[in-house]
Amino acid sequence: QVQFVESGGGLVQPGGSLRLSCSASGSIVSIYAMGWYRQAPGKQRELVAIITNGGTTNYADSVQGRFTASRDNAKNMVYLQMNSLKPEDTAAYYCNALRGTNYGWVAEYDDWGQGTQVTVSS
């Protein structure tokens, strides 16, 4: 059984910053690549940030240069520092372990956390 618990979201003005945290059960963070997803109302969940178990990161074009993923294996935690937030960043944010496939990175576990809501509005 794997559980992800996301936190750190909130209401922030455009241009502001938030730091999201994801706590994962077991030793998931140290073993797998981890990803941050977001889902806005009426839209599909999208993968916005990747951090591999080797510590390298990749980002969706929409957040490149503004978001930074990090990982603390000892605490079994992953983080997403979000700067220069825009209204289009408004979404529920989720984390999950990632599996690399021929089709790209996919979520490893079907059981998603509750997510944490990020609302960017003036």
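Is Ser 84 buried, exposed or partly exposed? In this predicted model, Ser 84 counts as partly exposed, because its relative accessibility is 40% and that class covers values between 20% and 50%.

**View 1. Four strands make up an open, antiparallel sheet.** Follow the strands across and you get the order E1-E3-E8-E7. At the edges sit E1 (4–7) and E7, each of which pairs on one side only. Ignoring direction, neighbouring strands here are turned by 15° against each other on average.

**View 2. Here is the antiparallel pairing of E3 with E8.** Strand E3 takes in residues 18–24, and six bridges join it to E8.

**View 3. Asn 76 sits in the loop between E7 and E8 (77–82).** Its phi is near 55°, a positive value in a residue other than glycine. Asn 76 is buried, because its relative accessibility of 6% falls under the 20% cut-off.

**View 4. Ser 84 is in the loop between E8 and E9 (91–101).** This serine, too, has a positive phi, about 50°, although it is not a glycine. As for how open it is, Ser 84 is partly exposed, at 40% relative accessibility.

**View 5. Arg 66 is a buried arginine in a loop.** You'll find Arg 66 between strand E6 (57–59) and strand E7 (67–72). It counts as buried because its relative accessible area is 9%, under the 20% limit. Its side chain reaches the backbone oxygen of Ser 62 at 2.8 Å. Leaving out residues up to four places away in sequence, Arg 66 touches Gln 81, Met 82, Asn 83, Ser 84, Leu 85, Lys 86 and Asp 89.

**View 6. The largest nonpolar core holds 31 residues.** Phe 4, Trp 36, Leu 80, Met 82 and Tyr 93 have the most contacts inside it. Another core, of six residues, lies apart from it, and Tyr 37, Ile 50, Ala 92 and Leu 98 are among its members.

Technical notes: Residues are numbered from 1 along each chain as its sequence is written. This is a predicted model: local features need pLDDT of at least 70, side-chain atom pairs count only at pLDDT 80 or more; totals for chains, interfaces and linings use all residues. Side-chain values use heavy atoms; hydrogens and water are left out. Helices (H or I, at least four residues) and strands (E, at least two) are DSSP runs, numbered from the N terminus. Buried means under 20% relative accessible area, exposed over 50%, partly exposed in between (1.4 Å probe, protein chains only). A polar contact is a pair of N or O atoms within 3.5 Å; within protein, one must be able to donate a hydrogen and the other to accept it, and residues adjacent in sequence count only if both atoms are side-chain atoms. Contact means heavy atoms within 4.5 Å. Two strands pair if DSSP finds at least two bridges between them. Axes are lines fitted to C-alpha atoms, for helices over the stretch in contact, and angles run from 0 to 180 degrees between N-to-C directions. A nonpolar core is a set of buried Ala, Val, Leu, Ile, Met, Phe, Trp, Tyr and Cys residues joined through side-chain atoms within 4.5 Å.
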